[in-house]
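Work through these exercises with the model open beside you. Try each task before you read its solution.

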Amino acid sequence: MIGIERIEEVGNSDVKTLLVNDEVVVAAGREGKIRIYDHRLEGHVEIEPGQGYINCIAIRNGLLFAGCQNGSIVVYLMDECRISSGDREKRSQINPFGFLRRHSSNVCCLDTMEDLAVSSSWDCTVIIWRPEDMSNERNGLVQTIPHPAVVWSAKFINKNTIVTGCGDKLIRIFKDGALANTFNYHLSYVRGVTFLDKSIVSVDNEGIVLKTSLDGRILRHHSTRNFMYSISSNSSGDGDIVICTGENGKVVIFDKDLEVVQEISVPTTSCWAATRWNDRVYVGGSDGRLYVYSSSVSDEVSEALERIRSDRAGLPKDGEFVSDGEKFKVADGSVYQEVNGEWVLLGKGEEAKPYDNTFQVELENKYYTLSFNNDENVYEVAEKFLRKNKLRDEFRDDIVDFIKRNFVSLREFRMYSKINVNGVKTMLNKVKEEHQCVYPYIFRNLESPKVADNAEVEKEIKRLIENGPMFMALDLIRYFTAHKYSFDLSFLSTFVPRDKKEAITFVRLLNNLFADPPFNLEIFYHRVLELKDRGVIEGEVLDDYFVNRSLRNGA
């Protein structure tokens with residue numbers, strides 16, 4: 001386990017991107033400035049490209065690349081960006097070595113391999129570059145690859161192969177510039193992709209993390225149950241890890257099998273980026289701070305961290321104030337905004353807590369974060385969202401429709417939440433006699449479900465899959481997921497029911513999963529239709545499947 005070692009204020013606004021290597025720590029973001037530190041974080045070089053805010057950075061072959069808001073990729077010589085020993089800060093003008101200019105909007109992601117670079121953008125394209133040729137008439141361009149939506153992420157698998165994560169929820173693999181494979185497993189925008197352990201690891205906005213083989217098999221999955229922004233991976237002598245960052249200050253560290261190593265709660269609204277170097281994890285926050293976690297925990301910094309957390313959780317003082325030209329007041333812990341001469345309640349200033357639901361909304365080519373709790377009125381949510389982001393009233397119906405399409409109350413789903421406890425025990429006792437296997441946690445949790453036993457129950461169900469009847473394992477998974485247990489269901493992607501019992505329990509399990517999908521359940525649709533055509537599922541089970549599928553898809 002790691003704890004806080006250092007907090008460094010690197011700016012006044014969002015730290016959107018980080019890069020750490022053996023020589024430097026680089027941070028950049030919404031201020032439009034690049035800050036290059038040594039590992040002691042005791043001095044830095046500051047560069048301001050003047051191309052809007054900076055979303056991504058990369059270093060390769062002595063060059064520093066910065067992907068900017070206006071679509072430019074600004075290139076600097078690293079030799080000119082080094083801080084001199086003893087200097088606290090260096091603001092001398094560092095001129096760009098060159099520019100890579102083909103994108104027309106935000107550059108979301110940069111990656112490099114050998115003599116190539118790849119970038120993705122809000123302009124719905126991925127571009128492969130050869131930076132050493134940036135001065136020729138093609139500006140170093142090798143190939144432009146159009147996509148149907150915003151491309152949030154692009155990474156090299158090898159020099160001839162790239163993987164992209166797109167706003168249409170798809171992962172695509174391109175080999176030698178041609179589309180080689182497409183995976184449709186995510187539930188929302190694919191926000192980030194990385195390549196680790198000969199597999200693609202990806203995260204979407206809804207916080208679903210997937211590990212997928214290059215031939216398209218789901219190997220592992222995990223739901224962070226949080227709105228996520230980034231994913232990175234790192235291989236070292238300490239082992240392979242994956243780091244995801246997101247809203248509510250959440251950082252999740254996984255091993256290569258997507259087992260959670262540690263969750264970190266950073267006292268900031270959003271964590272935009274994180275990376276590991278040696279035994280340290282660096283996290284960029286929306287508060288302009290760089291948080292460094294390691295095994296060398298500092299008591300002094302830990303106290304500072306708690307003060308930051310306490311300040312964020314504190315109730316606002318009563319009184320009126322002006323922010324961004326708008327007038328607000330606080331009274332008895334409630335926050336109001338003056339709208340057309342009247343005070344409109346925005347909310348109560350209580351301790352900061354994660355929202356039940358967080359979505360990303362696109363309006364006029366800009367993205368906004370929409371958060372709300374299950375018990376809030378949809379029209380009041382839309383009103384507060386418009387006021388907070390200073391949007392026109394004409395968007396109100398669009399926001400209401402968006403929430404209704406994307407949020408379905410769990411009460412509307414048809415759930416199978418009961419099980420024949422005595423029948424299951426009888427069956428498990430038979431398996432115990434035949435295979436000398438015992439299932440104490442399953443027995444105990446059948447009577448009284450206890451989510452704290454989740455891991456042990458899952459181990460016993462995996463043993464049952466190997467030794468017992470498959471329909472029983474499927475039915476137990478169905479029962480426990482209805483009681484908020486979470487299991488690795490990657491085996492379902494290749495599972496084909498062999499008889500009627502397996503078919504019925506398989507579809508009943510899918511019915512329950514629609515309420516909280518581990519990944520895109522549409523991959524099973526044609527399999528269910530085949531079971532229907534074979535006559536092995538029918539009646540209520542089939543009806544419930546189509547009802548829950550329609551609810552999930554917003555039909």
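**Exercise 1.** Is arginine 225 buried or exposed, and which residue does its salt bridge reach?

*Solution.* Step 1: arginine 225 has 54% relative accessibility, so it counts as exposed. The classes are buried (under 20% relative accessible area), exposed (over 50%) and partly exposed in between, with a 1.4 Å probe and protein chains only.
Step 1: the partner is aspartate 516, with the closest N and O atoms 2.4 Å apart. A salt bridge is a side-chain nitrogen of Lys or Arg within 4 Å of a carboxyl oxygen of Asp or Glu.
Step 2: Aspartate 516 is in the loop between helix H8 (500-513) and helix H9 (525-534). Arginine 225 is in the loop between strand S22 (218-223) and strand S23 (228-234), and the two are 291 residues apart. Helices (H or I, at least four residues) and strands (E, at least two) are DSSP runs, numbered from the N terminus.
Step 3: aspartate 516 is partly exposed, at 36%.

This is a predicted model: local features need pLDDT of at least 70, side-chain atom pairs count only at pLDDT 80 or more, and totals for chains, interfaces and linings use all residues. Residues are numbered from 1 along each chain as its sequence is written, and side-chain values use heavy atoms, leaving out hydrogens and water.

**Exercise 2.** What does the salt bridge between aspartate 14 and arginine 30 tie together?

*Solution.* Step 1: the N to O distance is 2.8 Å.
Step 1: aspartate 14 lies in the loop between strand S1 (3-9) and strand S2 (15-20). Arginine 30 lies in the loop between strand S3 (25-29) and strand S4 (34-37).
Step 2: the pair therefore ties together parts that are 16 residues apart in sequence.
Step 3: aspartate 14 is buried, at 12%. Arginine 30 is partly exposed, at 33%.

**Exercise 3.** Why is one side of strand S11 and of strand S14 left without a neighbour in the sheet?

*Solution.* Step 1: read the order. The open sheet runs S11-S12-S13-S14, with antiparallel pairing. Two strands pair if DSSP finds at least two bridges between them.
Step 1: S11 (107-113) and S14 (141-146) stand at the edges, each with a single partner strand, so one side of each has no neighbour in the sheet.
Step 2: look inside the sheet. S12 (residues 116-121) and S13 (residues 125-129) pair over 4 bridges. Alanine 117 stands opposite tryptophan 129 in S13.
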